[in-house]
Amino acid sequence: MAEIQRGDEAQRVVDAILAGKSISRDILKDLTDRRTFGERTADRIASFGGSWSFILSCLAALALWFILNGVILPARGESFDPFPFILLNLVLSMLAALQAPLILMSQNRAAMSDRADAAHDYEVNLKAELEIRLLHEKLDVLRERQWAELVALQQRQIDLLERLLHDASTAQARPSP
C-alpha cells in the first residue's frame, strides 16, 4: 500500500514538473476545511481539556465542591454529597470516560495530519531533488558547450600562430634585394 501511495506521489511530482506548476500547498488548511462537526468539536474539547484553563477550573470546582459539601452544608445539616463524595466520584469518572475518547479522536486526526504533512514534504523534496538534477544537467550541457568553444578558439589561435610562424620563416628565407 505504501509503495502504491509513493508511486502516486511520484507521479504527481512528475506531472507538476512537466506542467511547470508548483507542488507546495497548505496541507493544514486542506485538512481543516474538510473536518466534520464531530471532528471540530473533538478538537475544541481536546484543546480545552489539555489547557491550564481546564486544570485550574477543575481545581476550583473541586475546591468549591469540598468546601460546600465538606464544610458549609454539613454545618447546616443538609449535605447533598457527604464526605466520601460518591457523587463527585461519579461526575469525575463520567468526565474522564467522555473526555478520553474525544482526546483520542483528536490525536488520531493530528496523526493523520502529520502523515499527510509528511507525504506532502516527500513530494516537495522529491520535486526539489528532480529540479536540482535538471539544473545540473543543464549546467553540464553548458559546460560541455563552453569547453567545445574554448577548444575551437584555442585551435584557431594555434592555426594563427602556425601561420605567423610560417609567414615569418618564409620572410626570412627570401633573399633581401
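**Close-up views of a predicted model**

D43 is buried, and R109 is buried too. Both belong to a predicted model, as does everything in the views below.

**View 1. D43 and R109 pair up between two helices.** These two residues form a salt bridge, with their closest N and O atoms 3.1 Å apart. D43 sits in helix 3 and R109 in helix 5, so the pair ties together parts that are 66 residues apart in sequence. R35 joins in as well: salt bridges with shared partners link R35, D43 and R109 into one network.

**View 2. Helix 3 has a buried face.** This helix covers residues 37–49, 13 residues in total, and spans 18 Å from its first C-alpha to its last, close to the 18 Å expected. Its buried residues are A42, D43, A46 and G49. Look down the helix axis and they fall within an arc of 135°, so they line one face of helix 3. They pack against helix 4 (52–76) and helix 5 (86–173). Over on the other side of helix 3, you'll find F37, R44 and S47 exposed.

**View 3. R12 reaches E123.** Here's another of the structure's five salt bridges, with the closest N and O atoms of R12 and E123 2.5 Å apart. R12 is in helix 1 (residues 2–19) and E123 is in helix 5, so this pair ties together parts 111 residues apart in sequence. R12 is partly exposed, with a relative accessible area of 40%, whereas E123 is buried at 1%.

**View 4. R133 and E129 pair within helix 5.** Both residues lie in helix 5, four residues apart, which is about one turn of the helix. E129 counts as partly exposed, at 38% relative accessibility.

**View 5. F85 has a positive phi.** Most residues other than glycine have a negative phi. F85 isn't a glycine, yet its phi is about 55°. You'll find F85 in the loop between helix 4 and helix 5, where it is buried with a relative accessible area of 10%.

Key:
Residues numbered from 1 in each chain as written. Predicted model: local features only at pLDDT ≥ 70, side-chain atom pairs only at ≥ 80, totals over all residues. Heavy atoms only, no water. Expected span 1.5 Å × (residues − 1). Buried < 20%, exposed > 50% of the residue type's maximum accessible area, 1.4 Å probe, protein only. Arc of directions from axis to C-beta. Contact = heavy atoms within 4.5 Å. Salt bridge = Lys/Arg side-chain N within 4 Å of Asp/Glu carboxyl O.
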